[in-house]
Amino acid sequence: MNPINTSVLLIYTGGTIGMIENAATGALENFNFEQLQKHIPELQKFNFPIDTYQFDPPMDSSDMEPDMWQKLVHVIHDNYERYQGFVILHGTDTMAYTASALSFMLEGLDKPVILTGSQLPIGVLRTDGKENLMTSIEIAIARNKEGKALVPEVCIFFENHLMRGNRTTKINAENFNAFRSFNYPVLAEAGIHIKYNNVQIHANGEEHKLKPHYLLDTNVAVLKLFPGIQENVIATVLGIEGLKAIVLETYGSGNAPRKEWFIRRLCQASAQGIVIVNVTQCSAGMVEMERYETGYQLLQAGVVSGYDSTMESAVTKLMFLLGHGYTPDEVRDRMNRSIAGEITI
């Protein structure tokens, strides 16, 4: 890394964007990101140095684990005073999980942390990676008249849209517009100019000192309901040894079967200290358990609302809260509050 006063730190974790085609075999391979200038000569047009940090070895996003989120927090915290912004190149499959986790783990963040990637490798002629990377760097360096970051939060930039990281989910495996923020407006749109939606961006008021968090508890499960789900399935999931929390994916505005055994199992789990968070299976919309009797019964069983949270955000928020040793009631209380703009109440 270069000395102090460098503008942007580019962190390459792995993923499609950092691959090139082997001329002999045709297979996609990771390249050394120190060779970035060679593959993206357009980077020389920026009038500031761009430093790089590369995971060794690079990781497919399917292999990303919470310890890698901790590593990212370490890298950002250790270099926080040296850079004006951070761009993380990441595989698309679990990018929304990483972005959500970092939004909770980087308390007091007042600099941009932009995650991006691509559907096609950087070495392919029609790659979307160059535009995603170049615009992410431009956003990471953007400042207002007072010299403060325009977007001081964890975001995902993909296919001309900047989205709050903990509001974003991957919705497409083959198109360039792979991500969507269904329940929160985009923070910026990139066309000829980058148009920032300042009303929706986290306010950059008083200066904060970054407070990194590293404690996570992964004793969390996701349970998706479907018509015909059997009691033994519910009982098995709720009976997992060491389980501390469940994200329950329900129908519509937070509805679930009214079967006696189902409500009884949830009541028993809640009484045992398992935190159950209700999120909707729908792409857009909010859980409103008071709206229908089917949802109201969940409320009486001790299930807490996930409001308009994405599943990725609910999972990582639970890991974050459980990792800090809160009691089940304290976790339930904090799931009802917005920590990093992840829910609308």
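**Pocket, strand and cavity**

Modeller: Let's start at the largest pocket, where helix 3 (95–105), strand 6 (106–107) and helix 8 (311–323) each supply at least two lining residues. Helices (H or I, at least four residues) and strands (E, at least two) are DSSP runs, numbered from the N terminus. The model is predicted, so local features need pLDDT of at least 70 and side-chain atom pairs pLDDT 80 or more, while totals for chains, interfaces and linings use all residues. Residues are numbered from 1 along each chain as its sequence is written, and side-chain values use heavy atoms, leaving out hydrogens and water.

Colleague: Which residues are the closest to the centre of the largest pocket?

Modeller: Rolling a probe the size of a water molecule over the atoms shows where empty space is left. Here the largest pocket holds about 520 Å³ of space. Of its 24 lining residues, Ser 103, Glu 107, Gly 108, Ile 339 and Ala 340 are the closest to the centre. On a 1 Å grid over the protein atoms alone, a pocket is an open set of points with protein on both sides within 12 Å along at least five of seven lines; a cavity is a set where a 1.4 Å probe fits but cannot get out, and lining residues have an atom within 4 Å of a point. Grid points are joined across faces, edges and corners, and a volume is the space filled by probe spheres set on the points.

Colleague: Which residues lie on each side of strand 16?

Modeller: In a regular strand the side chains alternate between the two faces of the sheet. In strand 16 (residues 245–250), Ala 245, Val 247 and Glu 249 are on one side, with Ile 246, Leu 248 and Thr 250 on the other, and all are buried (under 20% relative accessible area, 1.4 Å probe, protein chains only; exposed is over 50%, partly exposed in between).

Colleague: Which strands pair with strand 16?

Modeller: Two strands pair if DSSP finds at least two bridges between them. Strand 15 (residues 220–224) runs parallel to strand 16, joined by 5 bridges, and Val 220 has Ala 245 as its bridge partner. Strand 17 (residues 275–280) pairs with strand 16 in the parallel sense over 6 bridges, with Val 279 as the partner of Glu 249.

Colleague: And where does Glu 342 lie?

Modeller: Glu 342 is in the segment after helix 9 (328–335), buried with a relative accessible area of 0%. Glu 342 is also one of the residues lining the largest cavity, whose volume is about 40 Å³.
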